[in-house]
Amino acid sequence: MSRHRNAQSARDAHISTLRAIVAVLAVASGAMWYGWQAAPKDLTITIPPDLRTGSTQKWWEKPPSSVYAFTTYVWQQINRWPTDGQKDYRRNLYAYQPFLTPSCKAELNEDYRYRNQRHELEGRERSIFEIPGRGFSNEPTGPGSVEIISRDEWIVNLDLAVKETYSGTSIRDVYMRFPLRVVRADDDPQHNKWGLKIDCLARPTERLEIPDQEGNS
């Protein structure tokens, strides 16, 4: 009888040990599942376009060339009014709001309201584009430069041609420099894979006088 009780006790102890192991494995599996769910599904790494020589880069760094490309694209699209500025400008502000800081979005919405009240938008067509020969530059200042303020902030100097027409008649044809502040914004990768936002003008715009030969080169 004593031998039978000892065997039964040993069996119960073994079962208890197995149950404890199962519980530990369940907790570990739950922790691994949570870690897998919490891990980012996408990781955007920006690679500089010039790969003729080897380079090293920290994954969080934003190359100035990429900051410049982002700023040019978004600013050009916001200011593209192919048929009617009253409709096109408002639509662009809505479509590209993920790429604008809240303060810049409010500033541009106020600009739309002000222009619309003065009847400066209805029927007006507008386009802006890079001046030939004045694209991205590695120079610290000047045309096409990207001023690095900090790891998370830049000032991009865009030299752009601005053309506006009304009823087929040219009403504006100038060269302008737009010094735009850009900030890091990794909070909404689903709608903004650039991880950047425009914070509107860092300084007042400048009107440029460019010889015809340079502008048409």
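Mentor: Start with exposure. Buried means under 20% relative accessible area, exposed means over 50%, and partly exposed is in between, with a 1.4 Å probe and protein chains only. This is a predicted model, where local features need pLDDT of at least 70 and side-chain atom pairs count only at pLDDT 80 or more, while totals for chains, interfaces and linings use all residues. Residues are numbered from 1 along each chain as its sequence is written, and side-chain values use heavy atoms, with hydrogens and water left out.

The chain has five helices and six strands. Both are DSSP runs numbered from the N terminus: helices are H or I with at least four residues, strands are E with at least two. From the N terminus on, the order is α-α-α-α-β-β-β-β-β-β-α. Of the 217 residues, 32% count as buried. The accessible surface comes to about 14,300 Å², and 54% of that belongs to carbon and sulfur atoms. That area comes from the Shrake-Rupley method with a 1.4 Å probe.

To your request. Side chains of opposite charge can pair when their charged atoms come close. A salt bridge here is a side-chain nitrogen of Lys or Arg within 4 Å of a carboxyl oxygen of Asp or Glu. The whole structure holds 16 of them.

The local pair is in helix H3. Asp 88 and Arg 91 meet there at 2.7 Å, N to O. They are three residues apart in H3, so about one helical turn separates them. Asp 88 is buried, at 2% relative accessibility. Arg 91 is partly exposed, at 44%.

The next pair reaches further along the sequence. Arg 134 and Asp 159 form a salt bridge of 2.8 Å, N to O. Arg 134 sits in the loop between strand S1 (124-130) and strand S2 (146-150), and Asp 159 sits in strand S3 (residues 153-166), so this pair links distant parts of the chain, 25 residues apart. Both Arg 134 and Asp 159 are buried.

Then take Glu 147 and Arg 203. Their closest N and O atoms are 3.0 Å apart. Glu 147 belongs to S2, and Arg 203 to the loop between strand S5 (196-201) and strand S6 (206-208), so parts 56 residues apart in sequence are tied together. Glu 147 is buried, at 19%. Arg 203 is partly exposed, at 34%.

Salt bridges also form a network. Its members are Arg 124, Arg 126, Glu 164 and Arg 172.

Asn 92 is buried, at 8% relative accessibility. Leaving out residues up to four places away in sequence, Asn 92 touches Gln 77, Ile 78, Arg 80 and Trp 81. Contact means heavy atoms within 4.5 Å.

What packs on H3? The axes of H3 (residues 85-95) and helix H4 (residues 102-117) come within 11 Å and cross at roughly 170 degrees. That makes the two helices roughly antiparallel, a label for angles over 145 degrees. Axes are lines fitted to C-alpha atoms, for helices over the stretch in contact, and angles run from 0 to 180 degrees between N-to-C directions. H3 contributes Gly 85, Gln 86, Tyr 89, Arg 90 and Leu 93, while H4 contributes Leu 108, Asn 109, Asp 111, Tyr 112, Arg 115 and Asn 116. These residues divide into four nonpolar, four polar and three charged.

Phe 99 lies in the loop between H3 and H4. Phe 99 is buried, at 13%. Its neighbours, beyond four places in sequence, include Phe 70, Val 74, His 191, Trp 194 and Leu 196. Phe 99 and Leu 196 are 97 residues apart in sequence, with C-alpha atoms 6.7 Å apart. For the whole chain, among contacts between residues at least 6 apart in sequence, 60% join residues at least 24 apart.

Most residues other than glycine have a negative phi. His 119, in the loop between H4 and S1, has a positive phi of about 60 degrees. His 119 is exposed, at 68%. Ser 167, in the loop between S3 and strand S4 (169-184), has a positive phi of about 55 degrees. Ser 167 is exposed too, at 62%.

Definitions and conventions:
Angles under 35 degrees count as roughly parallel, over 145 as roughly antiparallel, 65 to 115 as roughly perpendicular and the rest as oblique. Ala, Val, Leu, Ile, Met, Phe, Trp, Tyr, Cys and Pro count as nonpolar, Asp, Glu, Lys and Arg as charged, and the others, Gly among them, as polar.
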